[in-house]
Amino acid sequence: MNIFKTYTDLLEFVDQNDCAIVSEDTPLLVELSAQENLSLILKYHEKISVKKADILIKELLKDMGLGKLRDKKPFELNKLEKVSIQLIRAYISPFEKICIIKPFSMLNRVEDLSYIITLSEKFDKKEVSVLDTHLHNFYKESRCLTIR
Amino acid sequence: MGFINFIKKIWSYYIFTIICFLYIFNPKNYTPASRETFVKQVFYTAIEILPIFILLTIVFGIFIVGVFISLAIEYGLKEYIGYIIVKIIIVELSPFIIALFISLRTGIRVGVKIALMKVNNELNFLQRYRIDIVRYLCMPMALANTISFVSLLFLFALIMLLSSYVYIFLSIDMGFDIFLTTLLNAVSLKDIIIFLTKSLIFGFIIITIPSYDGIHMEKRYFKLPKSLSKTMLSLFFIIFIVEVLSLAIEYI
C-alpha cells in the first residue's frame, strides 16, 4: 500500500504508472454526448471510422447496462452516470491501468462507489486502482487495488 | 514593457499558426476524430449561415456597389468602373468584410469554446489521454475555416459582381460582354495572388488566434470576458495589419 502525503504526490504516481484517470480533473467534454465522448477515444487513438466507433460504443454501453445514457450530454447526467461514462472511457483508452482518483468527491452518495467498483470488475484486462486520501470500508474485499 | 509583451504575443500567435499550418501536411494528423471536427466546422462556418449570408450580401452588395458606381459616374470615371469593381470592391473590400463577419461569428465561438474547455478542465482531460489539441481541434478547425472562408468569399464576390452588373445596366445601359471585358482588363495576376493569399491568412488566423488565447488563458471563470475581449482586439488588429500589408504590397 502506498501512502501519499499530498495530492501532487498522488498525481506523480499516476504519471509514473501511465494510467487512464477517472477524476474531477478529467471531465467529459460538455459539447459531446456520452456516446461521442467514448467514441472520441476510438476515433483518435485506434483510428476507427466514425460509423464503426459509434456501433462499437453502442454495443459496449448496452453490455454495461448503460444504453439509455447514449445520447445524453454530460449536463443531463447525474454524478454516478458521469463517473460511469468516465470509467468506460478509461477502459477503452490505450492505457493499461485505470486510476480512479478521490471517487467520493465525484459522487453524491457513498453507496454509489459500490456500483462503480462492480462496474470496474467487468474490465477483465485492465488493472483498476482507487486512489484516495482516506481509508474507507468500501474498498475492503473489492477486486480493485486500493491505495491510500 | 507593454509593447514588448505585445510583440511577444504577436510572435506567439505567429509560431502557433505556423505549427497548426505544418500539421496540415502530415497525413497522420487526419484521424477520424479530426475529420469529424473538420466536417462540423465547415457546417458551422459555411453551411448553417448560408441563407442569412446570401441575404446580407445582396443587401450590402447593392448598397456598396451603388455608392461606388454612382460616385464613379458622377465624377466622370466611367472608364474606370471595371478597375473600381475589381481592385476596390473584390480584391480589397470583400476579404476584409468577410474576415470581420467570420471573426464575429466563428472567432468568438472558438475563443469561448477553447477557453471554457480550459476552465472546465476538458483540456486537462485531452492532455492526460494524450489527445493532441492541435491535431484534434485547432488544425481541423483552421483548415475547415479557411476552406469555408474562401468559399464564402467567392460567393460574396459573385453576388457583388452580379449586383454591379445590374446597377451598371440600369444606370448606363452597358451590355454584359462590355462589362465582362472591362472587368477582365482590370484584373491582373498580382490581384489574384494577393486576393487568395490574404483570404487564406484570414481564414486560418480567425481560428488560431482565439485558440491560442483560449489554451493559454488563466483557469478562472471571471477572467473569461476580459480574455475574450483581448482576443478579439488582437484578432481585429492582426486582420487590419494583414490588410494594410496587402495594400502596401499592391500599391507601394
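How many residues does the contact take from chain A and from chain B? In this predicted model, the contact draws 17 residues from chain A and 13 residues from chain B, two residues being in contact if their C-beta atoms, placed from the backbone, lie within 7 Å. On the side of chain A that touches chain B, β1 (19-22), α2 (34-46) and α3 (50-63) of chain A each supply at least two residues, and α2(A) gives the most, with four residues. By class, this side of chain A has eleven nonpolar, three polar and three charged residues, where Ala, Val, Leu, Ile, Met, Phe, Trp, Tyr, Cys and Pro count as nonpolar, Asp, Glu, Lys and Arg as charged, and the others, Gly among them, as polar.

Residues are numbered from 1 along each chain as its sequence is written, and chains are lettered from A and ligands numbered from 1 in the order in which they are written. Because the model is predicted, local features need pLDDT of at least 70 and side-chain atom pairs count only at pLDDT 80 or more, whereas totals for chains, interfaces and linings use all residues.

Chain B has nine helices and zero strands, helices (H or I, at least four residues) and strands (E, at least two) being DSSP runs numbered from the N terminus. Of the 252 residues in chain B, 37% are buried, that is, 20 or more other C-beta atoms, placed from the backbone, lie within 10 Å of their own. Helix α3 (residues 50-74) of chain B has 25 residues and reaches 35 Å from its first C-alpha to its last, close to the 36 Å expected at 1.5 Å a residue, a span taken as 1.5 Å times one less than the number of residues. The buried residues of α3(B), namely Phe53(B), Thr57(B), Gly61(B), Val65(B), Ile69(B) and Ala72(B), pack against α4 (81-119) and α6 (133-172) of chain B. An α-helix has 3.6 residues a turn, so residues three or four places apart point the same way.

In the largest nonpolar core, which has 88 residues, Val22(A), Ile98(A), Cys99(A) and Ile100(A) touch the most other members; such a core is a set of buried Ala, Val, Leu, Ile, Met, Phe, Trp, Tyr and Cys residues joined through C-beta atoms within 7 Å. To this core α6(B) gives the most, with 16 residues.

Among the elements of chain A, α2(A) has the highest mean pLDDT (94) and strand β4 (residues 145-147) the lowest (54).

Conventions: Buried ≥ 20, exposed ≤ 12 C-beta atoms within 10 Å, placed from the backbone. pLDDT = per-residue confidence, 0-100.
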